[in-house]
Amino acid sequence: MRNREIISGNKVDWLTIIFYALLVFLGWLNIYAAVYDEATHQSIFDTSLNSGKQLIWIGTSLVLIFVIMIVDYKFYDTFGYVIFGTIIFMLVFVLLFGREVAGTKGWFEIGPFRLQPAEFAKFATSLALAKYLKDSNVKLSTLSGQLRVAGILGIPILLIVLQPDIGTAMVFAILSLALYREGLPGIYLLLGLSAGGIFALALLFERDHILIGIAVTAIAVVVFGKKTKMRIRNVVSTAVLVAVVVTSVEYVISDVFMPHQQNRIKALVNPEADPLGYGWNVTQSKIAIGSGGLIGKGFLEGTQTKFDFVPEQSTDFIFCTIGEEHGWIGSLLLITLFVALLYRVIFLAERQKSRMTRFYGYAVASILFFHFAVNIGMTIGLFPVVGIPLPFFSYGGSSLWSFTILLFILIKLDAHRAQMSLR
(Lines give C-alpha, C1' and ligand atoms only; values in the text may rest on other atoms or scores of the structure.)
Protein backbone atom coordinates (compact mmCIF):
# COMPACT_ATOMS: atom_id res chain seq x y z
CA MET A 1 0.00 0.00 0.00
CA ARG A 2 2.84 2.40 0.90
CA ASN A 3 4.46 1.88 -2.51
CA ARG A 4 1.17 2.63 -4.26
CA GLU A 5 0.77 5.82 -2.23
CA ILE A 6 4.27 6.99 -3.13
CA ILE A 7 3.89 6.21 -6.84
CA SER A 8 0.67 8.21 -7.05
CA GLY A 9 1.43 10.85 -4.41
CA ASN A 10 3.41 14.05 -4.22
CA LYS A 11 6.55 12.42 -2.81
CA VAL A 12 7.64 11.29 -6.25
CA ASP A 13 9.61 14.03 -7.99
CA TRP A 14 7.49 14.46 -11.09
CA LEU A 15 9.61 17.30 -12.47
CA THR A 16 12.57 14.95 -12.89
CA ILE A 17 10.28 12.43 -14.58
CA ILE A 18 9.04 15.12 -16.98
CA PHE A 19 12.64 16.00 -17.91
CA TYR A 20 13.32 12.30 -18.50
CA ALA A 21 10.22 11.87 -20.66
CA LEU A 22 11.05 14.94 -22.78
CA LEU A 23 14.61 13.74 -23.44
CA VAL A 24 13.48 10.22 -24.36
CA PHE A 25 10.73 11.51 -26.66
CA LEU A 26 12.98 14.06 -28.39
CA GLY A 27 15.69 11.45 -28.71
CA TRP A 28 13.26 9.06 -30.39
CA LEU A 29 12.23 11.74 -32.92
CA ASN A 30 15.83 12.56 -33.74
CA ILE A 31 16.80 8.90 -34.08
CA TYR A 32 14.10 8.71 -36.75
CA ALA A 33 15.47 11.86 -38.39
CA ALA A 34 18.96 10.33 -38.41
CA VAL A 35 17.84 7.19 -40.27
CA TYR A 36 15.00 8.66 -42.35
CA ASP A 37 15.12 7.95 -46.07
CA GLU A 38 12.84 10.19 -48.14
CA ALA A 39 12.92 7.65 -51.00
CA THR A 40 11.11 5.00 -48.94
CA HIS A 41 9.18 7.18 -46.45
CA GLN A 42 9.28 4.43 -43.83
CA SER A 43 7.23 5.05 -40.71
CA ILE A 44 8.84 6.05 -37.43
CA PHE A 45 7.25 2.89 -36.00
CA ASP A 46 8.90 0.58 -38.54
CA THR A 47 10.93 -1.93 -36.51
CA SER A 48 13.40 -2.36 -39.35
CA LEU A 49 14.59 1.17 -38.51
CA ASN A 50 16.46 2.22 -35.39
CA SER A 51 13.51 4.42 -34.43
CA GLY A 52 11.16 1.43 -34.38
CA LYS A 53 13.62 -0.64 -32.36
CA GLN A 54 14.14 2.27 -29.98
CA LEU A 55 10.39 2.42 -29.40
CA ILE A 56 10.57 -1.18 -28.20
CA TRP A 57 13.38 -0.23 -25.82
CA ILE A 58 11.31 2.72 -24.60
CA GLY A 59 8.36 0.41 -23.92
CA THR A 60 10.52 -2.04 -21.98
CA SER A 61 12.02 0.92 -20.08
CA LEU A 62 8.52 1.78 -18.87
CA VAL A 63 8.27 -1.76 -17.52
CA LEU A 64 11.61 -1.28 -15.73
CA ILE A 65 10.36 1.99 -14.23
CA PHE A 66 7.22 0.27 -12.95
CA VAL A 67 9.27 -2.52 -11.36
CA ILE A 68 11.72 -0.05 -9.75
CA MET A 69 8.91 2.01 -8.28
CA ILE A 70 6.88 -0.88 -6.84
CA VAL A 71 9.83 -2.73 -5.31
CA ASP A 72 10.37 -1.88 -1.65
CA TYR A 73 12.94 0.91 -1.29
CA LYS A 74 14.92 -1.24 1.19
CA PHE A 75 15.72 -3.65 -1.66
CA TYR A 76 18.33 -1.29 -3.14
CA ASP A 77 20.10 -1.03 0.20
CA THR A 78 19.83 -4.69 1.17
CA PHE A 79 20.89 -6.11 -2.19
CA GLY A 80 23.30 -3.41 -3.35
CA TYR A 81 26.31 -5.74 -3.16
CA VAL A 82 24.38 -8.59 -4.79
CA ILE A 83 23.49 -6.36 -7.76
CA PHE A 84 27.13 -5.25 -8.01
CA GLY A 85 28.39 -8.84 -7.84
CA THR A 86 25.94 -9.94 -10.54
CA ILE A 87 27.11 -7.23 -12.94
CA ILE A 88 30.77 -8.05 -12.22
CA PHE A 89 30.03 -11.70 -13.07
CA MET A 90 28.44 -10.55 -16.34
CA LEU A 91 31.54 -8.47 -17.15
CA VAL A 92 33.74 -11.53 -16.64
CA PHE A 93 31.36 -13.72 -18.65
CA VAL A 94 31.23 -11.28 -21.58
CA LEU A 95 35.04 -11.31 -21.78
CA LEU A 96 34.91 -15.07 -22.24
CA PHE A 97 31.81 -15.55 -24.37
CA GLY A 98 30.72 -12.10 -25.57
CA ARG A 99 30.49 -10.82 -29.11
CA GLU A 100 33.15 -8.48 -30.44
CA VAL A 101 31.83 -5.25 -31.98
CA ALA A 102 34.18 -2.60 -33.41
CA GLY A 103 37.14 -4.16 -31.65
CA THR A 104 35.44 -4.36 -28.25
CA LYS A 105 34.39 -7.69 -26.76
CA GLY A 106 31.66 -6.39 -24.53
CA TRP A 107 28.31 -7.46 -25.93
CA PHE A 108 25.82 -10.28 -25.48
CA GLU A 109 23.85 -10.87 -28.66
CA ILE A 110 20.26 -12.05 -28.26
CA GLY A 111 18.65 -12.42 -31.68
CA PRO A 112 18.61 -8.99 -33.33
CA PHE A 113 19.33 -7.23 -30.03
CA ARG A 114 22.59 -6.65 -28.17
CA LEU A 115 23.17 -6.10 -24.47
CA GLN A 116 26.25 -4.37 -23.05
CA PRO A 117 26.92 -5.23 -19.37
CA ALA A 118 29.37 -2.33 -18.99
CA GLU A 119 26.45 0.09 -19.24
CA PHE A 120 24.76 -1.51 -16.23
CA ALA A 121 28.00 -1.46 -14.24
CA LYS A 122 27.52 2.30 -13.86
CA PHE A 123 24.43 2.14 -11.66
CA ALA A 124 25.59 -1.09 -9.94
CA THR A 125 28.94 0.44 -8.93
CA SER A 126 27.24 3.64 -7.77
CA LEU A 127 24.83 1.60 -5.67
CA ALA A 128 27.61 -0.55 -4.17
CA LEU A 129 29.71 2.49 -3.30
CA ALA A 130 26.69 4.23 -1.77
CA LYS A 131 25.90 1.20 0.39
CA TYR A 132 29.54 0.81 1.43
CA LEU A 133 29.85 4.46 2.47
CA LYS A 134 26.68 4.16 4.54
CA ASP A 135 27.38 0.79 6.18
CA SER A 136 31.06 1.30 7.01
CA ASN A 137 30.81 5.01 7.77
CA VAL A 138 34.20 5.20 6.06
CA LYS A 139 36.15 8.45 6.17
CA LEU A 140 37.46 9.37 2.74
CA SER A 141 40.02 11.69 4.31
CA THR A 142 42.01 8.62 5.43
CA LEU A 143 44.26 6.52 3.19
CA SER A 144 42.57 3.27 4.25
CA GLY A 145 39.14 4.62 3.29
CA GLN A 146 40.45 5.84 -0.05
CA LEU A 147 42.05 2.47 -0.85
CA ARG A 148 38.85 0.56 -0.07
CA VAL A 149 36.76 2.78 -2.28
CA ALA A 150 39.42 2.57 -5.01
CA GLY A 151 39.17 -1.23 -4.79
CA ILE A 152 35.42 -1.17 -5.46
CA LEU A 153 35.91 1.21 -8.38
CA GLY A 154 38.92 -0.66 -9.73
CA ILE A 155 37.13 -3.98 -10.36
CA PRO A 156 34.70 -2.80 -13.08
CA ILE A 157 37.31 -0.43 -14.54
CA LEU A 158 39.82 -3.28 -14.99
CA LEU A 159 37.26 -5.62 -16.56
CA ILE A 160 36.00 -2.94 -18.96
CA VAL A 161 39.53 -1.91 -19.95
CA LEU A 162 40.22 -5.56 -20.80
CA GLN A 163 37.39 -5.56 -23.39
CA PRO A 164 38.91 -2.97 -24.29
CA ASP A 165 36.47 -0.08 -23.89
CA ILE A 166 38.47 2.90 -22.64
CA GLY A 167 35.61 5.35 -23.15
CA THR A 168 33.20 3.51 -20.85
CA ALA A 169 35.96 2.84 -18.30
CA MET A 170 36.59 6.59 -18.11
CA VAL A 171 33.05 7.12 -16.84
CA PHE A 172 33.93 5.53 -13.50
CA ALA A 173 36.69 8.08 -12.87
CA ILE A 174 34.06 10.82 -12.79
CA LEU A 175 32.61 9.24 -9.64
CA SER A 176 35.46 11.03 -7.86
CA LEU A 177 33.22 14.11 -8.02
CA ALA A 178 30.59 12.31 -5.94
CA LEU A 179 33.28 11.01 -3.58
CA TYR A 180 34.58 14.56 -3.19
CA ARG A 181 31.14 15.55 -1.86
CA GLU A 182 31.54 12.82 0.78
CA GLY A 183 34.99 13.94 1.98
CA LEU A 184 37.56 12.85 -0.61
CA PRO A 185 40.44 15.39 -0.43
CA GLY A 186 40.37 17.95 -3.20
CA ILE A 187 44.02 17.28 -4.01
CA TYR A 188 42.96 14.20 -6.00
CA LEU A 189 40.68 16.26 -8.22
CA LEU A 190 43.41 18.86 -8.64
CA LEU A 191 45.95 16.20 -9.60
CA GLY A 192 43.53 14.59 -12.04
CA LEU A 193 42.70 17.88 -13.73
CA SER A 194 46.36 18.85 -13.83
CA ALA A 195 47.36 15.53 -15.38
CA GLY A 196 44.63 15.90 -17.99
CA GLY A 197 45.75 19.44 -18.80
CA ILE A 198 49.39 18.40 -19.10
CA PHE A 199 48.40 15.46 -21.32
CA ALA A 200 46.48 17.85 -23.59
CA LEU A 201 49.42 20.24 -23.79
CA ALA A 202 51.72 17.34 -24.70
CA LEU A 203 49.42 16.57 -27.63
CA LEU A 204 49.32 20.13 -28.89
CA PHE A 205 52.98 21.14 -28.54
CA GLU A 206 56.40 19.61 -29.14
CA ARG A 207 57.68 17.59 -26.18
CA ASP A 208 61.08 19.32 -26.07
CA HIS A 209 59.46 22.76 -26.06
CA ILE A 210 57.27 21.80 -23.10
CA LEU A 211 60.23 20.35 -21.17
CA ILE A 212 62.22 23.55 -21.75
CA GLY A 213 59.23 25.54 -20.52
CA ILE A 214 58.98 23.39 -17.38
CA ALA A 215 62.68 23.84 -16.64
CA VAL A 216 62.58 27.61 -17.18
CA THR A 217 59.48 27.97 -15.00
CA ALA A 218 60.98 25.88 -12.18
CA ILE A 219 64.25 27.88 -12.25
CA ALA A 220 62.35 31.18 -12.22
CA VAL A 221 60.23 30.10 -9.25
CA VAL A 222 63.34 29.07 -7.31
CA VAL A 223 65.40 32.17 -8.21
CA PHE A 224 62.71 34.78 -7.57
CA GLY A 225 61.00 33.07 -4.63
CA LYS A 226 61.93 32.22 -1.09
CA LYS A 227 64.91 29.89 -1.12
CA THR A 228 63.94 27.45 1.61
CA LYS A 229 64.91 23.78 1.34
CA MET A 230 61.28 22.68 1.59
CA ARG A 231 60.15 25.05 -1.17
CA ILE A 232 63.01 24.16 -3.51
CA ARG A 233 62.34 20.45 -2.95
CA ASN A 234 58.64 20.90 -3.73
CA VAL A 235 59.35 22.90 -6.90
CA VAL A 236 61.88 20.36 -8.17
CA SER A 237 59.61 17.42 -7.34
CA THR A 238 56.66 19.03 -9.13
CA ALA A 239 58.78 19.84 -12.19
CA VAL A 240 60.10 16.29 -12.37
CA LEU A 241 56.59 14.83 -12.01
CA VAL A 242 55.22 17.08 -14.77
CA ALA A 243 58.17 16.18 -17.02
CA VAL A 244 57.48 12.46 -16.46
CA VAL A 245 53.83 12.92 -17.45
CA VAL A 246 54.83 14.83 -20.59
CA THR A 247 57.42 12.26 -21.68
CA SER A 248 55.00 9.39 -21.03
CA VAL A 249 52.37 10.73 -23.42
CA GLU A 250 54.21 9.61 -26.54
CA TYR A 251 54.76 6.13 -25.08
CA VAL A 252 51.12 5.77 -24.03
CA ILE A 253 49.81 6.79 -27.43
CA SER A 254 52.21 4.68 -29.50
CA ASP A 255 52.58 1.57 -27.32
CA VAL A 256 49.45 1.37 -25.13
CA PHE A 257 46.66 2.73 -27.32
CA MET A 258 45.32 0.57 -30.15
CA PRO A 259 45.52 1.88 -33.75
CA HIS A 260 41.91 3.11 -33.83
CA GLN A 261 42.46 4.90 -30.50
CA GLN A 262 45.61 6.54 -31.87
CA ASN A 263 43.61 7.77 -34.84
CA ARG A 264 41.02 9.30 -32.54
CA ILE A 265 43.74 11.29 -30.79
CA LYS A 266 45.12 12.41 -34.16
CA ALA A 267 41.63 13.45 -35.25
CA LEU A 268 41.27 15.55 -32.10
CA VAL A 269 44.59 17.33 -32.57
CA ASN A 270 44.39 17.85 -36.34
CA PRO A 271 41.38 16.38 -38.19
CA GLU A 272 42.31 18.31 -41.33
CA ALA A 273 45.53 16.27 -41.67
CA ASP A 274 43.49 13.30 -42.97
CA PRO A 275 39.96 14.57 -43.72
CA LEU A 276 39.06 11.45 -45.70
CA GLY A 277 40.50 9.05 -43.12
CA TYR A 278 40.68 9.35 -39.34
CA GLY A 279 39.46 12.97 -39.47
CA TRP A 280 36.28 12.14 -41.40
CA ASN A 281 33.87 11.69 -38.47
CA VAL A 282 34.76 14.87 -36.64
CA THR A 283 35.03 16.97 -39.80
CA GLN A 284 31.62 15.86 -41.11
CA SER A 285 30.11 16.25 -37.66
CA LYS A 286 31.21 19.89 -37.44
CA ILE A 287 30.00 20.53 -40.99
CA ALA A 288 26.56 19.09 -40.12
CA ILE A 289 26.22 21.14 -36.95
CA GLY A 290 27.51 24.33 -38.58
CA SER A 291 25.23 23.97 -41.59
CA GLY A 292 22.18 24.26 -39.35
CA GLY A 293 22.80 27.93 -38.71
CA LEU A 294 20.50 29.70 -36.29
CA ILE A 295 17.21 27.84 -36.69
CA GLY A 296 18.22 24.72 -38.66
CA LYS A 297 17.02 23.20 -41.90
CA GLY A 298 13.87 21.69 -40.42
CA PHE A 299 12.79 18.27 -39.15
CA LEU A 300 13.79 15.49 -41.64
CA GLU A 301 15.47 18.09 -43.87
CA GLY A 302 19.10 17.51 -42.89
CA THR A 303 21.19 16.91 -46.02
CA GLN A 304 24.27 15.70 -44.15
CA THR A 305 21.98 13.23 -42.40
CA LYS A 306 20.15 12.06 -45.50
CA PHE A 307 23.32 11.26 -47.40
CA ASP A 308 25.02 9.47 -44.48
CA PHE A 309 28.03 11.78 -44.30
CA VAL A 310 28.25 11.33 -40.51
CA PRO A 311 28.74 7.70 -39.38
CA GLU A 312 26.86 6.45 -36.30
CA GLN A 313 24.57 9.47 -36.42
CA SER A 314 21.74 7.83 -34.48
CA THR A 315 24.10 6.75 -31.67
CA ASP A 316 27.33 8.58 -30.80
CA PHE A 317 26.74 11.52 -33.17
CA ILE A 318 23.04 12.09 -32.53
CA PHE A 319 23.77 15.69 -31.52
CA CYS A 320 24.65 16.40 -35.18
CA THR A 321 21.02 15.84 -36.11
CA ILE A 322 19.92 18.47 -33.60
CA GLY A 323 22.50 20.95 -34.86
CA GLU A 324 21.71 20.47 -38.53
CA GLU A 325 17.91 20.25 -38.42
CA HIS A 326 17.17 22.58 -35.49
CA GLY A 327 20.19 24.87 -35.53
CA TRP A 328 21.74 26.87 -32.72
CA ILE A 329 18.38 27.43 -31.05
CA GLY A 330 17.52 23.72 -31.02
CA SER A 331 20.98 22.86 -29.69
CA LEU A 332 20.65 25.47 -26.96
CA LEU A 333 17.23 24.17 -25.92
CA LEU A 334 18.57 20.61 -25.71
CA ILE A 335 21.57 21.70 -23.64
CA THR A 336 19.25 23.73 -21.39
CA LEU A 337 17.06 20.66 -20.85
CA PHE A 338 20.07 18.56 -19.88
CA VAL A 339 21.37 21.24 -17.53
CA ALA A 340 17.92 21.49 -15.93
CA LEU A 341 17.91 17.73 -15.36
CA LEU A 342 21.42 17.84 -13.85
CA TYR A 343 20.41 20.69 -11.55
CA ARG A 344 17.33 18.78 -10.45
CA VAL A 345 19.33 15.62 -9.70
CA ILE A 346 21.79 17.63 -7.59
CA PHE A 347 18.83 19.23 -5.81
CA LEU A 348 17.45 15.77 -5.01
CA ALA A 349 20.86 14.64 -3.75
CA GLU A 350 21.32 17.66 -1.49
CA ARG A 351 17.99 17.27 0.25
CA GLN A 352 18.81 13.74 1.43
CA LYS A 353 19.62 13.01 5.06
CA SER A 354 20.83 9.51 4.23
CA ARG A 355 24.49 9.35 3.19
CA MET A 356 23.68 6.47 0.88
CA THR A 357 21.06 8.35 -1.12
CA ARG A 358 23.05 11.58 -1.13
CA PHE A 359 26.13 9.89 -2.57
CA TYR A 360 24.03 7.92 -5.07
CA GLY A 361 22.38 11.15 -6.21
CA TYR A 362 25.72 12.80 -6.82
CA ALA A 363 26.92 9.67 -8.63
CA VAL A 364 23.91 9.93 -10.96
CA ALA A 365 24.65 13.61 -11.59
CA SER A 366 28.36 12.91 -12.22
CA ILE A 367 27.70 10.11 -14.72
CA LEU A 368 25.04 12.08 -16.60
CA PHE A 369 27.31 15.14 -16.71
CA PHE A 370 30.25 13.14 -18.06
CA HIS A 371 28.19 11.56 -20.83
CA PHE A 372 26.52 14.83 -21.73
CA ALA A 373 29.76 16.86 -21.82
CA VAL A 374 31.91 14.26 -23.58
CA ASN A 375 29.30 13.31 -26.19
CA ILE A 376 28.67 16.89 -27.26
CA GLY A 377 32.38 17.70 -26.93
CA MET A 378 33.41 14.93 -29.31
CA THR A 379 30.84 15.94 -31.93
CA ILE A 380 32.32 19.46 -32.10
CA GLY A 381 35.94 18.35 -31.92
CA LEU A 382 36.71 19.23 -28.29
CA PHE A 383 37.11 15.62 -27.14
CA PRO A 384 38.31 12.39 -28.77
CA VAL A 385 35.64 10.12 -30.25
CA VAL A 386 35.30 7.51 -27.49
CA GLY A 387 31.87 5.97 -28.09
CA ILE A 388 30.01 7.78 -25.30
CA PRO A 389 26.22 7.97 -25.92
CA LEU A 390 24.08 11.01 -25.15
CA PRO A 391 21.90 9.96 -22.16
CA PHE A 392 18.26 9.10 -22.99
CA PHE A 393 18.85 10.46 -26.50
CA SER A 394 21.18 8.15 -28.42
CA TYR A 395 19.90 4.95 -29.99
CA GLY A 396 20.60 1.82 -27.97
CA GLY A 397 18.76 -0.45 -25.59
CA SER A 398 21.60 -1.01 -23.12
CA SER A 399 22.19 2.73 -22.86
CA LEU A 400 18.53 3.64 -22.38
CA TRP A 401 17.94 0.84 -19.87
CA SER A 402 21.02 1.66 -17.81
CA PHE A 403 20.31 5.39 -17.63
CA THR A 404 16.65 4.72 -16.85
CA ILE A 405 17.57 2.38 -13.99
CA LEU A 406 20.25 4.81 -12.77
CA LEU A 407 17.83 7.74 -12.59
CA PHE A 408 14.71 5.99 -11.31
CA ILE A 409 16.48 4.26 -8.43
CA LEU A 410 17.31 7.79 -7.26
CA ILE A 411 13.70 8.89 -7.75
CA LYS A 412 12.54 5.86 -5.75
CA LEU A 413 15.00 6.47 -2.90
CA ASP A 414 14.15 10.17 -2.86
CA ALA A 415 10.45 9.34 -2.55
CA HIS A 416 11.35 7.48 0.66
CA ARG A 417 13.91 9.98 1.93
CA ALA A 418 12.23 10.26 5.32
CA GLN A 419 12.48 6.48 5.87
CA MET A 420 15.98 6.30 4.36
CA SER A 421 17.26 8.80 6.90
CA LEU A 422 16.43 6.30 9.64
CA ARG A 423 18.43 3.45 8.09
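F45 is exposed, with a relative accessible area of 52%, where buried stands for under 20% relative accessible area, exposed for over 50%, and partly exposed for what falls in between, computed with a 1.4 Å probe on protein chains only. What we are looking at is a predicted model, in which local features need pLDDT of at least 70 and side-chain atom pairs count only at pLDDT 80 or more, while totals for chains, interfaces and linings use all residues. Residues are numbered from 1 along each chain as its sequence is written, and side-chain values use heavy atoms, with hydrogens and water left out.

Let me take the aromatic pairs next. Rings of Phe, Tyr and Trp, the last by its six-membered ring, pair if their centres lie within 6.5 Å, with planes under 30 degrees apart counted as stacked, over 60 as edge-to-face and the rest as tilted. By this rule the count comes to 13 aromatic pairs. In one of them, the rings of Y20 and F408 have centres 5.0 Å apart and planes at 85 degrees, so the pair is edge-to-face. This pair links distant parts of the chain, with Y20 in helix α2 (residues 14-35) and F408 in helix α18 (residues 397-415), 388 residues apart; helices here are DSSP runs of H or I with at least four residues, numbered from the N terminus. Both Y20 and F408 are buried.

To return to F45, its ring and that of W28 have centres 5.7 Å apart and planes at 55 degrees, so the pair is tilted. W28 lies in helix α2 and F45 in the loop between α2 and α3 (50-70), 17 residues apart, and W28, at 10% relative accessibility, counts as buried. Ring pairs also link Y20, F392, F403 and F408 into a cluster.

Now to the charged side chains. A salt bridge is taken as a side-chain nitrogen of Lys or Arg within 4 Å of a carboxyl oxygen of Asp or Glu, and the structure holds 16 of these salt bridges. In one of them the side chains of R351 and D13 meet at 3.8 Å, N to O. R351 lies in the loop between α16 (318-350) and α17, and D13 in the loop between α1 (2-8) and α2, so the pair ties together parts that are 338 residues apart in sequence. At 28% relative accessibility R351 counts as partly exposed, whereas D13, at 5%, counts as buried. The two also belong to a network of salt bridges that links D13, R344, R351, D414 and R417.

E350 forms a salt bridge with R181, the closest N and O atoms being 2.8 Å apart. Here E350 is in helix α16 and R181 in helix α9 (residues 175-181), 169 residues apart. E350 is partly exposed, with a relative accessible area of 37%, and R181, at 33%, counts as partly exposed too.

Finally, helix α17. How far apart are its end C-alpha atoms? They are 36 Å apart, which agrees with the 36 Å that the 25 residues of helix α17 (residues 355-379) should span at 1.5 Å a residue, the expected span being 1.5 Å times one less than the number of residues. Just after α17, G381 takes a positive phi of about 80 degrees.

Terms used:
Helices (H or I, at least four residues) and strands (E, at least two) are DSSP runs, numbered from the N terminus.
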